[in-house]
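Subject: A structure for you to look at

Hello! Here is the structure I promised to pass on to you. Please open it next to this email and follow along.

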Amino acid sequence: MDLGINGKIALVTAASRGLGRGCAEQLAAEQCRVAICSRDSGAAEQAAKEIAANTGAEVVGFSADMSRVDDISRLLAQVRQSLGDPDILVTNAGGPPPGTYASTDLELYEEAFQLTLMSAVRLIHGTTPAMKANGWGRIVAITSISVKQPIASLLLSNMARAGLTGFLKTVATELAPFGITVNALLPGTHKTSRIDQLVQDRAAREGKSESAVAAEMVAAIPAKTLGDPADFGAAAAFLASRQAKFITGHSLLVDGGHYSGLL
Ligand code: NAD
């Protein structure tokens, strides 16, 4: 299916690897002109080169730390200068550190709030004026299954992403008359380095081997496999498509059936 976004300008943050990279790859495969970032300029530029080589699309890489206000402003200025104003925005950042209520120091809350919630708010603030002027825009925020089903060992993620989801739903209603859609994609358990980090954390806390924890994680997923970032990226590309214009304010799980609630 032609998603009708050939030539659109897309910004995907935190995308040198993992789910962000999966989204950037799929948007580039649709021949969007793609900007990506990560904290490390070398990693971002290398990933941009590889995605461009894989897809034939124009892809540029920048360094920016999503927890830093100045980096986000600088990134938006660099993207505007090199490609133009983004038509498509995929917000992403590294996950906040794992921890329970008992193990989480008070100062970590503010850091998680900046990294996980305010980065997306700032990116959306910076990109929607041009989308409104153009009468077209697609915003996809990578959040987590933890929004629907909080994860006991991820207190900061549970908290910040729930707040972000409230923001996204409110903004979706306000931006719909301008041809801008705002949706969240909720990963379950996908094969990325974030999951390696969570496996190590859980293995240390529970006194188990990493391979035992990894096997338990897979066993908990009805599809009996970890998610593939490329498939996750394809869902993002669809939400960014011309055809998805009537889908907004939605939180879509990509989790192999892991979420056990009804709605
Ligand atoms: P990952 O560790 O594989 O990749 C993270 C990417 O973000 C890398 O490119 C890294 O360089 C970049 N990055 C990290 N911190 C950054 C920062 N402060 N500023 C800019 N770039 C930064 O992680 P992932 O699995 O792709 O996860 C992406 C997001 O999705 C995270 O917030 C994670 O918590 C969330 N998530 C992931 C899963 C999963 O199964 N992988 C499940 C639920 C939620």
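Predicted model: local features only at pLDDT ≥ 70, side-chain atom pairs only at ≥ 80, totals over all residues.

Residues are numbered from 1 along each chain as its sequence is written, and side-chain values use heavy atoms, with hydrogens and water left out.

**The ligand and its surroundings**

Where does the ligand sit? The space that the ligand takes is the largest pocket. A pocket is found on a 1 Å grid over the protein atoms alone, as an open set of points where a 1.4 Å probe fits, with protein on both sides within 12 Å along at least five of seven lines. A molecule sits in one if more than half of its atoms lie within 2 Å of its grid points.

The ligand is surrounded by 28 residues, and the closest are Ser16, Leu19, Ala93, His190 and Thr192. To be counted here, a residue needs a heavy atom within 4 Å of the molecule. This shell divides into 10 nonpolar, 13 polar and five charged residues. (Ala, Val, Leu, Ile, Met, Phe, Trp, Tyr, Cys and Pro count as nonpolar, Asp, Glu, Lys and Arg as charged, and the others, Gly among them, as polar.)

Helices (H or I, at least four residues) and strands (E, at least two) are DSSP runs, numbered from the N terminus.

Now look for polar contacts, which are pairs of N or O atoms within 3.5 Å; within protein, one must be able to donate a hydrogen and the other to accept it, and residues adjacent in sequence count only if both atoms are side-chain atoms. A polar backbone atom of Arg17 is 3.2 Å from an oxygen atom of the ligand. For Gly95, a polar backbone atom is 3.3 Å from a ligand oxygen. Arg39 uses a polar side-chain atom, which lies 3.4 Å from a nitrogen atom of the ligand. Taken alone, the ligand exposes 830 Å², and the protein buries 94% of that; such areas come from the Shrake-Rupley method with a 1.4 Å probe, and for residues only the protein chains shown count as cover.

**Some residues in helices**

Is Thr55 buried or exposed? Thr55 belongs to helix H2 (residues 41-55) and is buried, with a relative accessible area of 18%. Buried means under 20% relative accessible area, exposed over 50%, and partly exposed in between (1.4 Å probe, protein chains only). The Thr55 side chain reaches the backbone oxygen of Ile51 at 2.7 Å. Gln46 is also found in helix H2, but counts as partly exposed at 40% relative accessibility. In helix H3 (residues 69-82) you will find Leu75, which is buried at 0%.

**Two loops to finish**

Most residues other than glycine have a negative phi. Ala14, in the loop between strand S1 (9-12) and H1, has a positive phi near 50 degrees. Gln31 is not a glycine either, yet its phi is positive at about 65 degrees. Gln31 lies in the loop between H1 and strand S2 (33-38) and is partly exposed, at 30% relative accessible area.

Happy exploring!

Technical notes: 1 Å grid on protein atoms, 1.4 Å probe; cavity = no way out; pocket = protein on both sides within 12 Å on 5 of 7 lines; lining within 4 Å.
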